[in-house]
Each structure stands twice: as C-alpha cells, then as structure tokens.
Amino acid sequence: MTRLLVLVLVLVLTGCGDDEALRAENARLREALAAQQGQRQAELDALARAASVAAACDWLVPTCPASVADPGRRALAAGVSPGPLGLWLVASKLAVLLLPLAAAVGMGGWVWVRWSRAALAEAEAARALLAELDARRARAEADIERLRGVWTTRRAEVEQAQAKLAELRAEEQRLRDAVARLRQMRDGLTGL
Amino acid sequence: MVQSAMRLRERRAAALAGRSPRAVGAEKDRAALTWVYAWGWSSASVIDAHASPGRRGVAARLVRRGLLAATPSPSGRGVKGAPAEVLTLTADGVAEVEAVLPAAEVIPYPSNADRLIPWHQLRHDALVQLWTARRLGDGTISGYVTPRQMAGRPSGAGEKQPDACWRWPGVGAVAVELELTAKREREQAQAALALLRAIRPKTATDAGGGYDAAVILSHSPAILDRWRRSLTPGETLPTYERDASRHWRRAGSRTVPEWVRDRVILQRVEL
C-alpha cells in the first residue's frame with residue numbers, strides 16, 4: 001500500500017516528461033500493482049477462508065485440531081471477517097452436530113413407533129383387560145354372593161324338607177305301629 | 001282204651017309239670033281266691049275259667065272249705081249271662097289271700113262284701129270278668145287291673161274309670177268298657193270326653209292319661225254307632241257343668257282329636 005502511494009507521488013512529481021518511458025514504467029507499475037493486488041486479494045481470501053474455518057470450528061463446540069483452527073483464529077484476532085464459507089461450514093457443523101441427535105431422535109421415534117407404541121397399546125389393552133377382569137370379578141363375586149344366598153335358602157329348604165321327611169317317616173312309623181297295635185287288639189278281641 | 005288212658009296220663013303229667021297234684025290244687029285255689037279278692041266278687045264259672053281252665057269245681061271246693069261264700073242272685077237264672085249266685089270271700093278267704101299278697105297289693109276287703117254286690121249290673125260285671133279271665137288264660141293279655149284296684153290308685157281328674165284295665169303286651173294299658181245300655185246325649189258326651197282324657201297321649205306338657213288305648217265292647221250296633229259318632233275325629237262334643245241349682249247346663253264344647261283313631265277300638269260282642 002505504501003509502495004503504491006510512493007509510485008503515485010513519483011509520477012506526480014516527475015510529470016510527463018518522458019512519456020514513453022513513463023508509460024512503460026506506468027504500465028509496468030500498473031502490472032506490478034495488479035499483481036500485488038491479486039496477491040493481496042488471494043492472501044485476504046485465504047485469511048477469510050481460514051477465519052471462516054476457525055469460526056466454524058469454534059462455533060458452539062471446538063471441533064478442529066489446533067493445526068487447522070489456529071491460522072483462522074489468528075486471522076479473526078487480526079480482524080478478518082469470516083466469509084460466506086463460514087456460514088456453510090457452520091451449517092455443515094450444525095448438520096454434523098445435529099445429525100446424531102436427529103438420528104437418535106429418529107431412532108427413538110422409530111423405536112417408539114416400532115416397540116413402545118405397541119407396548120403402550122398392549123399396556124392399554126392389558127389395562128382395559130384388567131378393568132374388564134375386575135368388572136367380571138365384581139360380577140362373579142356378586143353372582144357368588146347371590147348364589148351363596150340362594151344356596152343358603154336352598155339348604156334351609158332342604159333341611160326343612162329333610163326335617164319334614166323325618167317327621168313324615170316318624171309319623172308313618174307311628175301309624176304303622178298304631179295299625180299293628182290296633183290289628184293285634186282286634187285279633188285279641190275276636191271271639192268275645 | 002289203653003292208649004287213651006296213656007294220653008290222659010301224659011296230659012296230666014304235662015299239666016302238673018313236675019309238681020304234686022296237691023301243689024297244683026293249692027295254686028288253683030290261690031289263683032281263685034286272689035281273683036275274687038281283686039274283683040270283690042265273682043261267679044263260679046268265671047273263677048273256674050280263670051283258675052282251672054277246662055275243668056270245673058275249684059269254686060265249689062272253695063265254698064265247701066268255707067273260703068268263699070255263695071249268695072244267690074235275686075234274678076236267679078233269669079238273665080242271660082248273669083250268674084245264679086255270686087261268690088265273695090269269707091274272712092278266712094281274705095286271710096288266706098292277704099297272707100301271700102305283697103303289702104302294696106293289699107286292698108281292704110269289706111266284711112259285708114255280699115251286701116255290696118252291684119246286683120243292678122251283675123251281668124255287665126260278670127261278662128267283664130269272664131272275658132278278662134279268658135283273655136288272660138289264652139295269653140292275649142298279661143295282666144289286668146280291676147275297678148277295686150283302680151279305686152285305690154290315683155287317677156287324673158275327669159278321667160273315666162273303665163270297667164277293667166288289661167295289660168296288653170305290645171299295646172300297654174287298655175281301658176275296657178262294656179256298654180250294655182244306651183246313654184243319653186249328655187251322659188254319652190261326658191263319657192266320651194272322660195274316655196278321651198283317660199287315653200290322651202303323653203306330650204311335652206302333659207303326662208297323658210292313665211291308659212294307652214281303649215276297647216269299647218257292646219252287643220248293640222246302635223250303642224256302638226253312638227260311640228263311633230262321639231269318637232269321630234273332628235266331631236264336637238258338648239261339655240256340661242252344674243249350675244247353682246245343681247242342674248246340668250251346656251258350658252262349651254271340645255273337638256275330638258285325630259289321635260283317637262289310633263287308640264280306640266269299637267268291638268261288637270255276642271252275649
């Protein structure tokens with residue numbers, strides 16, 4: 001930059017006395033200037049790329065070895081701004097960082113879809129089955145209670161019937177005895 | 001001839017059963033005297049039927065020995081079934097019986113027994129004695145209780161005292177009633193109720209009557225029919241009580257119970 005200023009100043013002070021020489025010198029200087037400009041631009045681009053790489057490497061989580069990130073870090077420290085490449089690299093890093101997460105999420109979702117949902121559905125079905133079984137058990141217990149009542153009633157009726165039967169048998173026996181006794185007496189009275 | 005004599009000897013030997021003829025005779029005498037003692041009086045035919053079935057002469061022998069006294073019946077032989085004379089125990093006869101009787105069976109025997117003979121129902125009582133002797137002899141009954149013996153025992157209030165009580169194996173104490181004359185309505189109802197009380201079965205709250213069954217004997221179908229109506233289960237029998245002027249008046253009624261079917265026999269008899 002300083003050389004460029006000196007050259008311009010020499011041109012101004014010397015005038016255009018020797019035009020050809022000056023033109024040639026000017027052209028040569030212009031070419032040198034253009035070459036230096038290209039070289040600087042390349043250097044600036046390289047620094048910008050390095051800064052982009054460093055910025056991407058240090059974004060969120062340091063991910064690059066020092067040999068890769070340090071030139072860029074120095075460029076950043078010197079005030080070089082990262083170029084558009086940095087955005088792509090950040091995006092790529094983000095993608096690289098998010099990929100396992102997405103994969104994990106995807107796997108989790110897949111696992112959930114593949115297994116947990118079925119398990120949940122089974123659990124729900126099992127819960128419904130348990131509820132149904134509870135209801136059946138309650139109904140069965142009610143039935144048992146009702147049948148126990150019926151059984152008790154029937155049992156009492158059977159016992160009552162048995163008692164009645166015993167009474168009737170006793171009565172039958174008593175009547176048989178009475179008939180036998182009366183027959184015996186009737187026979188004993190024959191011929192009076 | 002020889003065979004019949006042998007059979008007669010065999011029968012005598014069987015009757016004696018190893019005892020001497022004198023012992024058998026004494027036993028017959030004792031049975032006859034005990035019979036008269038129990039009934040208060042008797043007749044020769046009844047005594048012989050009891051003491052010596054199939055052979056007569058026991059009563060006559062006891063009269064000759066002065067143990068029995070014979071009193072002619074006022075009706076003589078005019079009433080069929082009634083004895084021509086009635087036999088009672090003399091003082092010696094009473095002594096003879098009471099000498100062998102257990103103390104519990106001693107019943108004071110009246111010295112004027114011949115004047116206490118119920119002439120008005122002589123045939124009735126004689127028939128009861130005769131049938132008792134026969135049933136005892138054929139083993140139908142195992143014992144008997146006479147009205148004289150019953151009088152000395154406690155009985156339930158309002159229970160009919162039967163003409164005799166027979167101890168009937170397998171049955172128990174059977175009240176024997178001989179009905180020769182018809183009763184009027186009130187007497188019939190009272191007699192039926194008294195009989196029901198006497199034969200009522202034992203329950204948890206009632207000790208029962210004194211008898212297990214009753215036999216009502218009569219020669220008259222009409223009398224038996226009247227008794228049958230009075231003892232039909234479900235039939236209502238009127239009850240009576242005396243009013244202040246000692247007249248009977250109806251006081252209520254009783255229903256004949258079901259058990260009477262099992263406990264009463266009505267039997268027609270030939271006099």
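1. The model is predicted. Five residues lie between the two strands of the hairpin. Strand S8 (residues 248-255) of chain B has eight residues, of which the number buried is zero, so S8(B) lies largely in the open.

2. The turn of that hairpin deserves a check of its backbone. Arg246(B), in the loop between S7 and S8 of chain B, has a positive phi of about 65 degrees although it is not a glycine. Most residues other than glycine have a negative phi. Arg246(B) is exposed, with 6 other C-beta atoms within 10 Å.

3. Leu60(A) is not a glycine, yet its phi is positive, at about 70 degrees. The residue sits in the loop between helix H2 (19-58) and helix H3 (66-77) of chain A. Leu60(A) is exposed, since 11 other C-beta atoms lie within 10 Å and the cut-off for exposure is 12 or fewer.

4. Chain B as a whole contains 10 helices and nine strands. Of its 271 residues, 34% are buried. Among the contacts in chain B with a separation of 6 or more, 61% are between residues 24 or more positions apart.

5. Chain B holds an open sheet of five strands, in the order S3-S4-S5-S6-S9, with mixed pairing. Its edge strands are S3 and strand S9 (264-268) of chain B, each of which pairs on one side only. On average, neighbouring strands are turned by 25 degrees against each other, direction ignored. H4(A) packs on this sheet and touches S4, S6 and S9 of chain B; the direction of H4(A) makes about 25 degrees with that of S9(B). Inside the sheet, S5(B) pairs with strand S6 (residues 213-218) of chain B in the parallel sense over five bridges. Val174(B) has Ala213(B) in S6(B) as its bridge partner.

6. The contact between the chains takes nine residues from chain A and 13 residues from chain B. On the side of chain A that touches chain B, five residues are nonpolar, two polar and two charged.

7. Helix H6 (residues 122-137) of chain B has 16 residues; from its first C-alpha to its last it reaches 22 Å, close to the 22 Å expected at 1.5 Å a residue. The buried residues of H6(B) include Leu122(B), Asp125(B), Gln129(B), Trp131(B) and Arg135(B). What covers the buried residues of H6(B) includes helix H4 (84-189) of chain A, as well as helix H2 (21-39) and strand S5 (172-178) of chain B. Just after H6(B), Gly139(B) takes a positive phi of about 85 degrees.

Note on methods. Residues numbered from 1 in each chain as written. Chains lettered and ligands numbered in written order. Predicted model: local features only at pLDDT ≥ 70, side-chain atom pairs only at ≥ 80, totals over all residues. Helix = DSSP H or I, 4+ residues; strand = E, 2+ residues; numbered from the N terminus. Expected span 1.5 Å × (residues − 1). Buried ≥ 20, exposed ≤ 12 C-beta atoms within 10 Å, placed from the backbone. Contact = placed C-beta atoms within 7 Å. Nonpolar A, V, L, I, M, F, W, Y, C, P; charged D, E, K, R; others polar. Pairing = 2+ DSSP bridges. Axes fitted to C-alpha atoms, helices over the stretch in contact; angles between N-to-C directions.
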